[in-house]
Amino acid sequence: MSDWQARDRQYLLPTYKRLPIAIAEARGNRLIDTEGKSYLDLFTGLAVNILGHSHPKVIKALHEQGEKFLHISNVFLNPPAIRLAERLIEQSIPGKVFFSNSGAEATEAAVKLVHKWAQADGQGRRGFVVMKNSFHGRTLGAVRLTRQPGVYQDFPQPDVPVYEVEPNNREELRRIVTENRPAAILAEPILGSGGILPLYEEYLQEMEQLARREDLLLCMDEIQTGVGRTGKFFAYQHAGIQPDVILFAKGIGGGLPLGGIIAGEKTAHLFQPGDHGTTFAPSPLSAALGNAVLDVLLEDGMMEQGRNHAQYLLGLLSDLAKTHPQSIEGVHGKGMMIGIRTRKSPEEVSRLQQQLLQDGFLVNIAQQTVIRLLPPLTLTPEESDQFVDHLEYLITQQA
Ligand SMILES: *Cc1c(COP(=O)(O)O)cnc(C)c1O
């Protein structure tokens, strides 16, 4: 056991199963550990480093804003954050932005906003329809909406009605909405932690129709899928729908903590001074990095390049699945958010992950048997070739 590992065990609560590796430095699409070993990063700090590491425009923004000031509080106007909010609205729906420091806090803001909306509306609507196996965060309000028993079962459940439905079952969704009169539907367009499970476009469109017909709010959790990861700015845009509330975080801060919600026209008037807030967010530094991320994605064409390169990776993986149907059940996802659903046991998949790591490829596992890839949009076709070739080699060895 290394010294860092021993001290980690002694001084940090073990809320995560950590790899026994300390990273010394990260450049582009690669991580380098304290032993000098290099890894291709197909995990990006859990969907955060959308442009890989140390992107020159992100680093430039870090220096420029860092030299001005780091924190001023919400008492003042915050130009980088105003500019960022404006651009997020341009990329999504008419409305207003509330910034938070994390994804869970974005969910908390959405829960309070939906509650205010339902109260103002006065028709007695309450609670949320959410997907089985959804993930919306770990604070008490957010964990209520996270439908993974291992995540919520040991904790108090706030009094918010929650109706859990099977993803992609349109009939059940219709029935639950009509019978229960919830205030909102909340869904990830692709369930991330739930195993890279995409909601079908027809299903998302059904959600939109139900929301209009029954007069409830459609909330999209784009915390993992957003900011260009799936090839569009937000993943709901593939289905051509218009949500009422959008949650974002992870990729937006260029590696710094930043999240928030976009409240559409039905809800943008509801929060008044005192209704909600946070000391830190929006950090001017995070917001400056957010603007740099948008410059690269939208003005330098990185979103489009990422979409094309992701198409290439997805093609390789689909071929791999066809060649090895005994090991791979299927490949799911969009853009740089891909799940390789294996037919292996959790132990075998865990060993595969360890072996990949040893050979210099960092991947994540979701729902025990799905290899979850969250590569940076900057991943090159050559890097995709290297990874898929090596994965094939290991699968053949294991079979
Ligand atoms: C990561 C994630 C969250 C929670 O974000 P935190 O920043 O970890 O609080 C919520 N929803 C989705 C879809 C996520 O992937």
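## Cavities

A cavity is a set of grid points where a 1.4 Å probe fits but cannot get out. In this predicted model, a search of the whole structure finds 3 cavities of 30 Å³ or more.

The volume of the largest cavity is about 60 Å³. Its lining is formed by Pro 189, Ile 190, Pro 198, Leu 199, Glu 201, Leu 204, Thr 230, Ala 235, His 238 and Lys 334. By class, this lining has 6 nonpolar, 2 polar and 2 charged residues.

## Second largest pocket

The second largest pocket has a volume of about 770 Å³. It is lined by 28 residues, of which Asn 74, Lys 96, Val 97, Phe 98 and Phe 99 are the closest to its centre. Helix H4 (79-90), strand S4 (95-100) and strand S12 (259-264) are the elements that each give two or more residues to the lining.

The lining of this pocket divides into 17 nonpolar, 8 polar and 3 charged residues.

## Packing of H12 and H13

Helix H12 (residues 346-358) packs with helix H13 (residues 381-398) at an angle of about 135 degrees, and their axes are 11 Å apart. The two helices are therefore oblique to each other, and their crossing is right-handed.

On the H12 side, the contact is made by Glu 348, Arg 351, Leu 352, Gln 355 and Leu 356. H13 contributes Phe 387, His 390, Leu 391, Leu 394 and Gln 398. Sorted by class, the contact of H12 with H13 has 5 nonpolar, 3 polar and 2 charged residues.

Definitions and conventions
Residues numbered from 1 in each chain as written. Predicted model: local features only at pLDDT ≥ 70, side-chain atom pairs only at ≥ 80, totals over all residues. Heavy atoms only, no water. Axes fitted to C-alpha atoms, helices over the stretch in contact; angles between N-to-C directions. Helix = DSSP H or I, 4+ residues; strand = E, 2+ residues; numbered from the N terminus. Parallel < 35°, antiparallel > 145°, perpendicular 65-115°, else oblique. Left-handed = near helix turned anticlockwise from the far one by under 90°. Contact = heavy atoms within 4.5 Å. Nonpolar A, V, L, I, M, F, W, Y, C, P; charged D, E, K, R; others polar. 1 Å grid on protein atoms, 1.4 Å probe; cavity = no way out; pocket = protein on both sides within 12 Å on 5 of 7 lines; lining within 4 Å. Points joined across faces, edges and corners; volume = space filled by probe spheres on them.
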